[in-house]
Amino acid sequence: MHVTVRVMNFRYKLMNLILVNWLRKVGRYCDSYAHVRSSFMPFLSSSSSALTFLLLSSLHLPVIISLNPNPTICNDYATRLPSSSVPEPLVYDTALNPSPPPSSPDRPVLFRERNGWCPYSERAWLAFELKRVDYDTILIDNMGGRPSWYSGTTPQAMIEGDKITESLDIVKRIDAFKGQTENTPTLYPKDKDKNVDEVISLFKDVFPKFTRPSSRAAFLFRSGGMPVERKTFERTLYETDELLKKTDGHFFCGEEVTAADVAWAPFLERYAVQLPALHDGLRPRDEERWPNLSLWYKAMEEKVPAYPSRVQGDAESWRRVLMQQGFGNEAGFEKLLEAAADERGDSSSCWPMFAEGRQWLANSPREEAAARLLRNKGPIIADAIRNGGANCDSAEEALSGIISGLVDGVELKNNEEAVKLHTFLCERVCVPRDMGFLPARAMRDLK
């Protein structure tokens with residue numbers, strides 16, 4: 001296999017020899033360029049045009065490595081999962097390539113926070129997906145440094161030549177966009193537009209005040225770093241439940257999803273998982289204490305296909321966000337995760353509706369998870385080898401075992417290497433950054 005290594009600092013000749021020897025073992029798993037970072041991010045941008053780089057931070061060597069790809073991995077499954085080779089809409093990750101993205105003046109462009117942590121970015125993202133428009137996505141790293149050409153916060157959008165910088169303005173503009181698919185929900189229905197705006201405006205009165213500004217942990221902590229008091233959270237939940245009680249359906253403004261639900265959803269989504277970790281027994285989905293709110297959660301998960309299929313995060317990922325703040329690491333959290341799973345609505349009918357007409361998506365959440373692994377096989381295996389999730393000699397077989405479990409229902413328990421890699425991937429995957437809730441759940445549920 002041909003490997004070209006250009007070392008910027010020739011003082012490290014000895015380390016270079018070690019590096020080349022290591023590359024002989026793992027290089028065959030890297031696509032044309034693979035970016036492997038110490039952060040928990042194995043599932044990279046799937047855009048075929050994006051160039052990514054392998055950064056060996058553990059060696060502290062500033063190197064650029066060119067690797068010839070080996071396309072032989074999982075060829076059988078690639079044939080059985082044709083969606084894995086269909087080009088996707090552009091998803092351009094500026095953390096991997098800080099150069100300005102290719103321009104597409106005829107298509108709307110959404111600039112959103114790359115990890116899926118920012119609730120304001122989620123508002124805009126959910127609206128784009130609900131309207132089923134053809135659009136490009138530019139991911140902005142709010143934590144590691146934004147590219148020099150980008151200014152302002154996230155989200156932002158370019159729609160018909162106009163730059164829009166506020167999440168709800170983006171929602172309103174994309175709702176009126178002429179290029180949207182037919183038979184999508186109207187987020188600002190004419191007969192309820194005033195009601196929608198009123199419910200959105202109540203958000204700032206209902207959610208806790210005087211909290212620490214944070215896109216990762218919005219409305220959760222005081223300025224000193226401690227969680228908001230239990231009684232304050234309870235007031236928020238009671239007032240939200242009362243607001244939902246006044247509607248003639250399970251959504252904020254009736255029987256159909258509107259911009260009001262888009263505005264509230266990202267914050268209530270996080271609360272459902274994070275509040276029980278901050279205050280024992282404080283469950284927003286409690287049917288007895290907050291019955292209308294509980295029904296709203298289920299309506300979003302059962303009647304809004306784009307939400308659980310792509311935009312919604314999962315309990316494990318929101319737990320990690322809390323851990324970054326120093327909370328959610330107690331021994332009883334696994335039971336909270338199980339309870340969160342039991343309280344979910346039945347989203348089984350959502351995926352076919354979400355995937356309809358999108359040839360780059362697989363036929364089921366299980367197949368979509370498998371296809372996502374195939375699309376990103378090189379970076380995933382390289383990351384697993386580097387971080388102890390797989391062995392060089394068996395990584396390909398281990399990944400094939402996981403894909404076999406997803407596609408054919410083969411149990412993992414008899415494949416020790418597949419179990420090891422599966423455990424590693426379940427710890428590393430971030431939802432919804434790497435895949436939607438439903439495919440991620442399918443992968444996590446493998447036994």
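**Charged pairs and a helix**

Author: Glu-239 and Arg-235 lie 4 residues apart in helix H6 (residues 230-245), so about one helical turn separates them. Helices here (H or I, at least four residues) and strands (E, at least two) are DSSP runs numbered from the N terminus. This is a predicted model, in which local features need pLDDT of at least 70 and side-chain atom pairs count only at pLDDT 80 or more, while totals for chains, interfaces and linings use all residues. Residues are numbered from 1 along each chain as its sequence is written, and side-chain values use heavy atoms, with hydrogens and water left out.

Reader: What N to O distance is found where the side chains of Glu-239 and Arg-235 meet?

Author: A salt bridge is a side-chain nitrogen of Lys or Arg within 4 Å of a carboxyl oxygen of Asp or Glu. The side chains of Glu-239 and Arg-235 meet in such a salt bridge, and their N to O distance is 3.0 Å.

Reader: Is Arg-114, which pairs with Asp-93, buried or exposed?

Author: Buried means under 20% relative accessible area, exposed over 50%, and partly exposed in between (1.4 Å probe, protein chains only). The side chains of Arg-114 and Asp-93 form a salt bridge at 2.7 Å, N to O. Asp-93 has a relative accessible area of 5%, and Arg-114, at 4%, is buried.

Reader: How many of the 10 residues of helix H10 are buried?

Author: The buried residues of H10 include Trp-318 and Leu-322. Helix H10 (residues 315-324) is largely enclosed by the rest of the structure, because the number of its 10 residues that are buried is 8.
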